[in-house]
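Biologist: Please take a close look at the aromatic ring pairs in this model, and then at the parts of the fold around them.

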Amino acid sequence: MDSTATDRFDISRFEASRTRLASLAYRLLGSAADAEDAVQDAFLRWQAADRERIERPEAWLTKIVTNLCLDRLRSAQARRERTVGAWLPEPLLDGDPMLGPADTFEQRESVSLAVLTLMERLSPLERAVYILREAFSYSHAEIAEILDITESASQQHLHRARRRITAARRRGDGEVDPASARRIVEEFLAAATSGRTERLVALLTDDATAISDGAGLTEKLLQFDTPQRIAAVARAGFKPTAAKRRFVGGTPAVHYALVNGAPAILVVVGDQVVGSVTFDIANGKIATVRGIAARARLARLTEAWRQHEPDTPLIAQW
């Protein structure tokens with residue numbers, strides 16, 4: 001095989017792993033853009049490596065991507081960006097390849113916005129062990145080789161990660177019947193747009209929280225931690241005004257969608273998603289509301305939406 005044919009073969013071997021590597025990087029970093037950067041850096045290292053000496057390309061690439069992500073998580077810049085109250089995971093439309101694999105509950109849960117947020121409480125190593133084990137089913141022996149730690153250390157990191165995530169997870173969290181989830185979200189939207197505060201409060205758990213990026217206009221996230229405050233913010237946020245239409249660039253439609261496996265409302269102008277509101281449901285009520293409207297955080301979701309065949313909008317002209 002000549003050098004050109006060899007290069008094509010090696011590139012095809014990398015491309016065969018690209019989606020899995022991107023899924024791994026997204027779970028570790030919570031950012032599609034950063035995940036793509038990590039995978040591209042891994043490709044450059046793959047091209048520069050003596051590939052004839054790499055016996056197991058998949059394992060080699062997994063190790064490279066994992067450690068590139070760990071370097072990012074440990075960097076001073078990342079620590080500043082991801083300080084408590086200043087960071088939310090990037091939302092992805094269901095069907096995005098970065099959300100795979102999604103065959104088991106653990107795999108689907110590992111990419112939920114709730115768990116991606118909770119993983120910020122873990123150390124980088126705990127996060128890596130948790131993802132490699134829960135989402136990709138690597139053995140502790142394989143994880144030890146990827147992370148250059150002992151099998152015992154891998155087991156300890158997994159135990160601590162599971163304990164911390166379980167302790168922080170809300171009682172009643174789990175997979176929700178899709179029809180029930182949609183009904184609850186539609187009721188929330190109807191109550192918010194009609195200004196029915198009492199109905200909004202009734203749809204929320206007693207310890208509900210809401211988090212918003214303030215459309216990217218604030219340095220810190222906006223957080224609300226009582227049903228009454230959340231209801232007031234929802235009423236104000238979903239009240240249409242000329243100023244809001246100018247800000248988003250037109251008259252939006254409001255669609256129901258699934259984002260990172262959770263029920264969501266997408267605010268869309270033309271083919272541009274200008275807002276994403278996702279909901280965590282627990283025991284038949286809304287436990288968490290996450291609002292993201294910063295354009296940079298919605299770029300990949302918008303790209304997926306443009307290739308998506310949406311249902312009839314919940315509100316055609318808001």
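Modeller: What follows goes through the ring pairs and then turns to the cores and the sheet.

The model is a predicted one. A pair of aromatic rings is described by the distance of the centres and the angle of the planes. Rings count as a pair here if their centres lie within 6.5 Å, and by this rule there are four aromatic pairs. One of them joins Trp46 and Trp60: the ring centres are 5.8 Å apart and the planes stand at 55°, so this pair is tilted. Planes under 30 degrees apart would count as stacked and planes over 60 as edge-to-face. Trp46 belongs to helix α2 (residues 32-48) and Trp60 to helix α3 (residues 57-74), so the pair ties together parts that are 14 residues apart in sequence. Trp46 is buried, at 1% relative accessibility, while Trp60 is partly exposed, with a relative accessible area of 24%. Trp46 also has a charged neighbour: Arg51 lies over the face of its ring, at 6.0 Å from the ring centre.

Another pair is formed by Phe188 and Phe238. Their ring centres are 6.4 Å apart and their planes are at 85°, so the pair is edge-to-face. Phe188 sits in helix α10 (residues 178-194), and Phe238 in the loop between α12 (227-237) and α13 (242-248); the pair thus links distant parts of the chain, 50 residues apart. Phe188 is buried, with a relative accessible area of 2%, and Phe238 counts as buried at 11%. Ring pairs link these two residues and Phe279 into a cluster.

In soluble globular proteins, nonpolar side chains tend to be buried together. The largest nonpolar core here has 50 residues, and among those with the most contacts inside it are Phe14, Met119 and Tyr130. Helices that each supply at least two residues of this core include α1 (3-29), α2, α3 and α9 (151-168). The biggest share comes from α1, which gives eight residues. Apart from its neighbours within four places in sequence, Met119 is in contact with Arg27, Ser110, Arg127, Tyr130, Ile131 and Ile165. A second, separate core has 27 residues, including Leu204, Phe224, Val254 and Phe279.

The sheet can be taken strand by strand. It is open and has six strands in the order β2-β1-β6-β5-β4-β3, with mixed pairing. Its edge strands, β2 (222-224) and β3, each pair on one side only. On average, neighbouring strands are turned by 20° against each other, direction ignored. Strand β1 (residues 204-212) pairs with β2 in the antiparallel sense over three bridges, and Ile211 stands opposite Gln223 of β2.

Helix α10, which carries Phe188, lies across β1, β3, β4, β5 and β6 (285-292), and runs at about 145° to β3. Helix α12 touches β1 and β2, and its direction makes about 45° with that of β1.

That leaves helix α14 (residues 299-306), where Arg300, Leu301, Thr302 and Trp305 are buried. The cover over these buried residues includes α2, β3 (253-259), β4 (262-269) and β5 (272-282). Helix α2, named here as part of that cover, is also the helix that holds Trp46.

Notes:
Residues are numbered from 1 along each chain as its sequence is written. This is a predicted model: local features need pLDDT of at least 70, side-chain atom pairs count only at pLDDT 80 or more; totals for chains, interfaces and linings use all residues. Side-chain values use heavy atoms; hydrogens and water are left out. Rings of Phe, Tyr and Trp (its six-membered ring) pair if their centres lie within 6.5 Å; planes under 30 degrees apart count as stacked, over 60 as edge-to-face and the rest as tilted. Helices (H or I, at least four residues) and strands (E, at least two) are DSSP runs, numbered from the N terminus. Buried means under 20% relative accessible area, exposed over 50%, partly exposed in between (1.4 Å probe, protein chains only). A charge sits over a ring if NZ of Lys or CZ of Arg is within 6 Å of the ring centre and within 35 degrees of the ring normal. A nonpolar core is a set of buried Ala, Val, Leu, Ile, Met, Phe, Trp, Tyr and Cys residues joined through side-chain atoms within 4.5 Å. Contact means heavy atoms within 4.5 Å. Two strands pair if DSSP finds at least two bridges between them. Axes are lines fitted to C-alpha atoms, for helices over the stretch in contact, and angles run from 0 to 180 degrees between N-to-C directions.
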